[in-house]
Amino acid sequence: MTPPERPHPTGLETRLAKMIEACGPIGIDAFMAHALYDPQAGYYSTRLPLGARGDFTTSPEISQIFGELIGLWVAQSWLDLGSPAPFHLIELGPGRGTLMADMLRVCQRVPGFMDGVELHLVETNPPLREAQRAALGTIPAHWHQSLDEVPEGYSFIIANEFLDCLPVRQFVRGEQGWHEKLVGVDAEGRLTFGLGPALAEAPACAMPNDGVGAVREHAPGLPTLVEILAQRLRTGCGRALIIDYGDVSGQAGDSFQALFRHQKTHPLDHVGEADLTAHVDFAALISLAKTSGLGTSGPVSQREFLQSLGIEARRDALIRANPHCESDLTRSVERLIGEAHMGGLFHVVALESPLNAAHGPPIGL
Ligand code: SAH
């Protein structure tokens with residue numbers, strides 16, 4: 001059988017292929033960084049990735065209930081920690097601003113919340129910044145390129161489908177030891193996967209029982225991000241809620257994937273035009289957070305988290321008020337909590353300041 005034809009190379013693929021021919025193969029992390037963040041042609045520099053005409057759909061885009069429940073979590077956390085004011089509500093990678101707008105609708109009902117809040121949105125994508133501005137309407141907000149630009153202060157931080165954009169390196173166990181998986185160029189000048197030479201030592205993410213063919217992934221940016229979170233949370237009370245799809249079992253596997261117009265595609269096709277992600281390694285995230293002195297809760301599945309925040313009761317109340325929407329509401333809540341859907345694939349973790357130790361754990365975890 002002849003393999004399906006590859007789409008024509010994008011301008012960014014041609015540029016990367018020339019660079020690789022000149023300088024040698026690059027790691028998957030470097031490839032992801034170019035494909036996602038190249039200032040002229042990177043996916044997250046140029047595109048509106050979300051929604052029916054984009055490439056993927058996230059939980060807040062499926063149902064307003066998701067953002068409302070996260071709003072409840074933030075408002076309750078703020079009350080639990082003694083209603084500090086002023087305080088920062090920070091979102092990492094806010095997409096179209098839907099999650100923040102839905103959260104604030106709930107938070108606005110909590111006396112004092114809107115008087116003390118300062119909104120900070122960490123977003124690199126100019127078209128998405130515009131969408132966020134439109135979603136927030138008259139509510140004032142500050143935009144930043146990265147979390148370390150946000151001024152110090154009590155912080156409540158939300159990140160939904162943000163960590164899966166972090167570039168990963170991949171390592172493959174061969175007969176002679178471990179190799180890094182690299183992106184090189186084939187005889188036709190197209191990007192192709194290959195393996196680097198055998199490494200002198202197993203990578204830190206390898207496990208003793210990994211057999212030949214096992215693939216391990218490591219996000220070099222994760223320790224830096226956790227340290228930036230930890231510096232912020234150590235100096236004042238606060239909490240971070242991280243929701244993403246990823247692995248909690250510690251199993252080996254290749255999770256590097258590309259989505260182009262809602263379909264999985266080969267990660268080296270549609271370079272700069274497809275969304276690239278890898279699973280979040282929740283075990284690594286929690287261990288880094290603990291080492292940085294943070295308190296941690298979870299991981300729990302998105303299903304358990306949303307159920308314990310009352311998603312079914314909220315769905316039923318909306319159905320009673322809007323009986324004609326019953327099938328839509330039932331279907332969208334099933335996408336959010338179904339075991340085979342996002343409910344089982346996504347997990348939730350909270351990280352918090354060691355100064356919160358006198359308070360109980362956050363709701364839902
Ligand atoms: N949280 C949103 C969108 C998730 S998509 C939702 O749930 O709908 C990923 C988001 O992160 C996008 O807004 C993207 O532009 C942003 N993003 C990706 N990498 C980023 C980075 N390194 N710094 C800041 N924002 C980033």
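Let's begin with a term. Accessible area here comes from the Shrake-Rupley method, run with a 1.4 Å probe. By that method, the protein exposes about 16,500 Å². Carbon and sulfur atoms supply 54% of that area. Keep in mind that this is a predicted model.

Now the overall build. The protein has 14 helices and 16 strands. Its radius of gyration is 21 Å, close to the 21 Å that the globule rule gives for 365 residues, so the protein is as compact as a globular protein of that length. Along the principal axes, the C-alpha atoms fill a box of roughly 65 × 45 × 35 Å.

What about the inside? Of the 365 residues, 51% count as buried. Then there are the contacts. Take those between residues at least 6 apart in sequence. Of these, 75% join residues at least 24 apart.

Next, the ligand. Which residues come nearest to the ligand? There are 18 residues around it, and Tyr37, Thr58, Gly93, Glu123 and Asn160 come nearest. By class, that shell holds 9 nonpolar, 6 polar and 3 charged residues.

Start with Tyr37: one of its polar side-chain atoms sits 2.5 Å from a nitrogen atom of the ligand. Thr58 uses its side chain too, with an N or O atom 2.6 Å from an oxygen atom of the ligand.

Last stop, Arg216. You'll find Arg216 in strand β9, which runs over residues 215-218. Is Arg216 buried or exposed? The cut-off for buried is under 20% relative accessible area. Arg216 has 10% relative accessibility, so it counts as buried.

What does the side chain of Arg216 meet there? One partner is Asp210: a polar contact of 2.9 Å joins the two side chains. Another is Gly250, whose backbone oxygen lies 2.9 Å from a polar atom of the Arg216 side chain. Set aside neighbours within four places in sequence, and Arg216 is still in contact with a list of residues, including Arg169, Phe171, Trp178, Cys205, Met207 and Gln251.

That's the tour. Over to you for questions.

Definitions and conventions. Residues numbered from 1 in each chain as written. Predicted model: local features only at pLDDT ≥ 70, side-chain atom pairs only at ≥ 80, totals over all residues. Heavy atoms only, no water. Near = heavy atom within 4 Å. Polar contact = N/O pair within 3.5 Å; in protein donor to acceptor, adjacent residues only side chain to side chain. Nonpolar A, V, L, I, M, F, W, Y, C, P; charged D, E, K, R; others polar. Helix = DSSP H or I, 4+ residues; strand = E, 2+ residues; numbered from the N terminus. Rg over C-alpha atoms; globule rule 2.2 N^0.38 Å. Buried < 20%, exposed > 50% of the residue type's maximum accessible area, 1.4 Å probe, protein only. Contact = heavy atoms within 4.5 Å.
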